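I want to look up a few side chains, then the core and the helices around it.

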Amino acid sequence: MPALPEESLLNMFLGHCPGAIGELSALALLLGGGYLVLRKVISPRIPLAYLGTVAVLTLIFHKTDAPLQWMAYSLLSGGVVLGAVFMATDYATSPATSMGQWIFGLGCGVLTVIFRYFGLFPEGVTYAILLMNALVWVIDRYTAPRRFGTKKGGSNK
């Protein structure tokens, strides 16, 4: 069974640990994301769905004897917060519909956990977002709201 990191959860949350610049402090990333949500630059749907999915799946499919700690370390490591708040919410590559944004975030979270657990590389955030970006057109197509007064298929006859 894999061991938990030697760093404390507080140090990982505050960014007092080694890692790539920009993905370290979950606190700073969450504050920046909160600012963007308050300014209505991004919607909270994708980050909430993404982080929630990763949290639930890593809690259910934990790899240690401490499932809550495994979940917390999984959320705070490897750029999950950076990916959920800043990368997955990109205007050009994320769904336009509300339901599509929930589906997109859920898909990113599921793929991240799958890539982390079964992949060749220890990280899966970038791959998950890129793969879901390729499916945005399908998500938008099937989650587009029907205009009032039209029948299924777009005609108004």
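I started with serine 94, which lies in the loop between α5 (80-87) and α6. My helices are DSSP runs of H or I with at least four residues, strands are runs of E with at least two, and both are numbered from the N terminus. Before going on, I noted that this is a predicted model, where local features need pLDDT of at least 70, side-chain atom pairs count only at pLDDT 80 or more, and totals for chains, interfaces and linings use all residues. Residues are numbered from 1 along each chain as its sequence is written, and side-chain values use heavy atoms, with hydrogens and water left out.

Is serine 94 buried or exposed? I got a relative accessible area of 11%, so serine 94 is buried (buried is under 20%, exposed over 50%, partly exposed in between, with a 1.4 Å probe and protein chains only). I then checked its side chain and found a polar atom 2.7 Å from the backbone oxygen of aspartate 90. That is a polar contact: N or O atoms within 3.5 Å, and within protein one must be able to donate a hydrogen and the other to accept it, while residues adjacent in sequence count only if both atoms are side-chain atoms. Leaving out residues up to four places away in sequence, serine 94 touches Ile46, Ala88, Thr89, Phe104 and Val136 (contact means heavy atoms within 4.5 Å).

Next loop: threonine 64 lies between α3 and α4. Threonine 64 counts as buried, at 6% relative accessibility. A polar atom of its side chain lies 3.3 Å from the backbone nitrogen of alanine 66.

Then the core. I use the term for buried Ala, Val, Leu, Ile, Met, Phe, Trp, Tyr and Cys residues joined through side-chain atoms within 4.5 Å. The largest nonpolar core has 31 residues, and Tyr50, Leu75 and Phe104 have the most contacts inside it. Two or more residues each come from α2 (26-38), α3 (45-60), α4 (67-76), α5, α6, α7 and α8 (136-143). Which element gives the most? It is α3, with 6 residues. I also listed the partners of leucine 75: Leu51, Val54, Ala55, Val80 and Val81, not counting residues up to four places away in sequence.

On to α7, where Val125, Ala128, Ile129 and Met132 are buried. Looking down the axis, I see these residues fall within an arc of 95 degrees, so they line one face of the helix (the arc is that of the directions from the helix axis to the C-beta atoms). They pack against α3, α5, α6 and α8.

For α8, I found Val136, Ile139 and Thr143 buried. Their arc is only 65 degrees around the axis, which puts them on the same side of α8. The face turned away from that side carries the exposed residues Trp137, Arg141 and Tyr142. The cover over the buried residues of α8 includes α6 and α7.

Last, the rings. I found 1 aromatic pair. The ring centres of phenylalanine 115 and tyrosine 127 are 6.4 Å apart and their planes at 90 degrees, so the pair is edge-to-face (centres within 6.5 Å for Phe, Tyr and the six-membered ring of Trp; planes under 30 degrees apart are stacked, over 60 edge-to-face, the rest tilted). The pair joins α6 (residues 98-118) to α7 (residues 125-134).
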